[in-house]
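Subject: Structure handover

Hello,

Here is the structure I said I would pass on. My notes on what turned up follow below it.

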Amino acid sequence: MKEFINNILEKESFSKKEIVQLLSLDKYLSKDLLHKKAYQIKNEYIGNKVYFRGLIEFSNICSKNCLYCGIRVGNTKLKKYEMSVQEVLEAVDFAWKSEYGSIVIQSGEISTPAFIDKIDFILKEVATRTNGEIGVTLSCGEQTKDTYRRWFQSGARRYLLRIESSNKDLYYKIHPKDEHHCFEDRIAALKDLKDLGYQVGSGIMVGLPFQTMENIADDIIFLKNLDVDMIGLGPYIEHSDTPLYEQKNYLTPKIERFNLALNTIAILRILMKDINLAAATALQAIDPEGREKALLAGANIIMPNLTPTKYRDDYLLYEDKPCTGEDAKQCKGCLEGRIKKYGETIGYGEWGDSKHFANKHK
Ligand code: SAM
Ligand code: SF4
């Protein structure tokens, strides 16, 4: 078995069949070979530095109804919130003083003029008060190309928009089949972002109901062909107030979804050597050291949560979301210790841009 895996890992690229074989590795020794190779490539191409992106969960108000997500518009049990400009800027100041280098502003998908203006205003304020020292990633869903352009001009440089699944049939099993959840629109949005000069991030959920290993292998090939600069992926975790919860009996155990997510990260690192790869918070919902373990499988980005604690319980995408009671300071201390324990260093005070993006535009 060891020789068989090493033979695959020595190749420059993998066939779909080989990707499925690597995804399926679960025995300790075989999985270790894959993760070690990914870790070695990470160190060789981008170093053993972890970059922080302070995560600001700006608003849980969303116009969409994705069947898996706890903050979907159809979940009426939720207390809706939108952070004030002041609250966002306080979180930005914390990130800046802590030398995080970058922040991510994430929210439900809203496209009203008021929402677009508010994000725009925040972007300009962030640039001015931090002298451009904080890099900003947005993750606010599908917007028009004009909105993306406006936000870029006001300082956003990176955008995260997961494809969730690159298989159209599966996409419509986890989203309502209507004009608000159009697969082609999502792909078009990713292309718009690329055209405008953003560092583009995408990704998937692994361990979804109905999802096969072949689907994940296709997702890996899709992300590679799209030539994204950043990837954020994590395990799907059920939420009882969502329609997809009905499929809970068909899910694999959480630990298997966790291992599958790590294998997916490792394969992507081997195939896309110089991208930024995030260790998603959802990993930590399954294993308390899940994000740090992802660093050893090839991830290099961690997103410490900066959302004020009073809002954390209302940004519940899935159950068992970790650290909802910990404030930004506690979160920072806790993460630093664990990252050092895993032998990684933290890239304080640097934007930590995607090397892949820089290399493409040399
Ligand atoms: N609304 C924006 C969007 O959908 O692109 C950004 C915010 S959305 C909450 C961020 C990500 O959360 C989604 O891309 C999705 O992959 C992830 N997510 C939502 N529900 C999840 C669940 N039940 N388990 C794991 N991840 C989930
Ligand atoms: Fe809204 Fe994003 Fe959740 Fe879909 S995944 S319901 S767009 S917040």
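The largest cavity is the space taken by ligand 1; a cavity here is a set of points, on a 1 Å grid over the protein atoms alone, where a 1.4 Å probe fits but cannot get out, and a molecule sits in one if more than half of its atoms lie within 2 Å of its grid points. The model is predicted: local features need pLDDT of at least 70, side-chain atom pairs count only at pLDDT 80 or more, and totals for chains, interfaces and linings use all residues. Residues are numbered from 1 along each chain as its sequence is written, chains are lettered from A and ligands numbered from 1 in the order written, and side-chain values use heavy atoms, with hydrogens and water left out.

Around ligand 1 there are 19 residues (a heavy atom within 4 Å). Y68, S107, R162, E164 and I237 come nearest.

The largest pocket (an open set of grid points with protein on both sides within 12 Å along at least five of seven lines) holds about 320 Å³ of space. Of its 20 lining residues (an atom within 4 Å of a point), 5 come from α10, the largest share.

Regards

Notes
Points joined across faces, edges and corners; volume = space filled by probe spheres on them. Helix = DSSP H or I, 4+ residues; strand = E, 2+ residues; numbered from the N terminus.
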